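I opened my notebook to look up a few things in one protein. I start with a single spot and then widen the view.

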Amino acid sequence: MKKYFLVLVVVTCIVACNSGPNAPDVSDIHVTLQTERFEQDFFSIDTANVYPSLVKLQQKYPGFLNDYVVNILGIPLLPGPDTATDRLIKKFISDYRPIKDTVDKVFHSIDATTAEVRKGLQYAKYYFPEYKLPTKLITYIGPLDSYFQGSLGGYADVITNEGLAVGLQLHLGKNYSVYHTELGQQLYPAYISRRFEPAYIPVNCMKNIIDDLFPEKGTDRPLIDQMIEKGKRLYVLDKLLPFTADTLKVGYTKKQLDGCYANEANIWSLFLQNNFIYSIDPSVNKNYVQDGPKTEELGDASPGFIGLFVGRQIVRKYMDKHSDVSLGEMMKTDSRKIFEESKYKPR
């Protein structure tokens with residue numbers, strides 16, 4: 001395979017790729033979003049009387065407590081006091097007390113984050129008026145390995161029947177010491193942990209909204225279909241967060257993103273010259289539609305997940321030619337039709 005070196009250039013703001021100035025006015029769209037600091041209540045339970053404390057907590061968080069203990073902590077909710085549940089919860093609280101202390105410092109207030117999420121929900125209501133929006137933003141502290149895979153990447157934030165749940169243990173800043181321990185690096189190499197910033201919370205919340213609106217299709221399709229499906233979602237994300245930095249939405253560094261725009265034709269040539277476009281080989285396709293430290297054929301300066309960038313560029317070309325197509329219609333449009341009608345040929 002021919003190797004390409006991504007020339008990293010400093011470019012001016014790519015205005016054409018930022019939908020911010022053209023975003024609709026959603027200020028009159030009413031959205032209810034209540035913030036619940038579950039981690040504050042959970043870490044305040046009486047560890048000498050865990051069971052009665054859980055019963056009390058159940059009254060305040062009737063749905064989320066079960067999700068948290070069973071699905072996030074992985075602890076069975078056994079009835080009665082002095083059970084394995086009690087002992088495991090006491091150990092978790094003791095072990096994660098230092099992380100809770102850091103959360104208290106970093107997230108003394110979460111008002112600004114809530115405001116950004118609420119704005120994203122206003123856009124979601126504008127574009128998808130029939131969608132039932134979540135009404136709660138629930139913050140929690142989970143195990144460090146609570147990393148869930150979504151269509152546009154992995155994160156600690158999930159959507160539940162109770163609302164948008166945010167795992168603050170993976171939003172403490174890329175320089176947080178725990179992420180740089182031996183265990184931390186085993187779980188999350190630097191290319192992942194650099195995205196453990198508070199600024200990614202609204203982005204991850206909107207990614208979860210998109211996945212809830214449009215459940216991801218199977219990964220056994222040709223590579224071009226998978227790239228465009230991810231490109232569709234990223235295009236919608238642009239519309240839900242029109243004023244959010246593109247680097248946060250794509251997950252690349254600024255140098256990586258600038259390099260992608262500067263070398264778009266070379267990136268596309270990688271797929272053409274190696275006959276990857278219609279590949280159905282999972283061992284090949286995963287290199288371009290899953291997260292990674294880099295794209296091997298493009299050099300060390302390149303980002304992983306390069307199919308995300310290409311997919312969005314194709315969708316943008318298609319939507320430029322079909323401005324009358326709504327986001328909902330675009331999401332339902334066959335990926336091959338989008339590819340063919342986009343006439344995508346970067347230079």
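**Entry 1: a loop residue**

Between which two helices does the loop with alanine 245 lie? I found alanine 245 in the loop between α10 (223-240) and α11 (246-250). I note that the model is predicted.

Is alanine 245 buried, exposed or partly exposed? I looked up its relative accessible area, which is 39%. Buried means under 20% and exposed means over 50%. Alanine 245 therefore counts as partly exposed.

I also checked a distance along this stretch. Lysine 255 is ten residues from alanine 245 along the chain. Their C-alpha atoms are separated by 13 Å.

**Entry 2: a lysine in a helix**

Next I went to lysine 332. It lies in helix α16, which covers residues 327-332.

How far apart in space are lysine 332 and phenylalanine 214? I read 9.0 Å from C-alpha to C-alpha. In sequence, 118 residues separate the two.

**Entry 3: the two sides of α2**

Which residues of helix α2 (residues 50-60) are buried? I listed Val50, Ser53, Leu54 and Leu57. They cover an arc of only 100° around the axis, so they sit on the same side of α2. An α-helix has 3.6 residues a turn, so residues three or four places apart point the same way.

On the other side of α2, I found Lys56 and Gln59 exposed. What do the buried residues of α2 pack against? They pack against α1 (38-42), α3 (64-72) and α4 (84-95).

**Entry 4: the whole protein**

Then I stepped back. I noted 17 helices and six strands in the protein. Its C-alpha trace spans about 65 × 50 × 40 Å along the principal axes.

Why does the radius of gyration agree with a compact globule? With 347 residues, such a globule would have a value near 20 Å, and the protein has 22 Å.

I looked up burial as well. Buried residues make up 54% of the 347 residues. Among contacts with a separation of 6 or more, 75% come from residues 24 or more positions apart.

The accessible surface comes to about 16,400 Å². Carbon and sulfur atoms account for 52% of that surface.

Last, I checked charge. The protein has 41 positive and 41 negative side chains. The centres of the two sets lie 4 Å apart.

Note on methods
Residues numbered from 1 in each chain as written. Predicted model: local features only at pLDDT ≥ 70, side-chain atom pairs only at ≥ 80, totals over all residues. Heavy atoms only, no water. Helix = DSSP H or I, 4+ residues; strand = E, 2+ residues; numbered from the N terminus. Rg over C-alpha atoms; globule rule 2.2 N^0.38 Å. Buried < 20%, exposed > 50% of the residue type's maximum accessible area, 1.4 Å probe, protein only. Contact = heavy atoms within 4.5 Å. Areas by Shrake-Rupley, 256 points an atom, 1.4 Å probe, with all protein chains shown as cover. Lys, Arg positive; Asp, Glu negative; His and termini not counted. Charge placed at Lys NZ, Arg CZ, Asp CG, Glu CD. Arc of directions from axis to C-beta.
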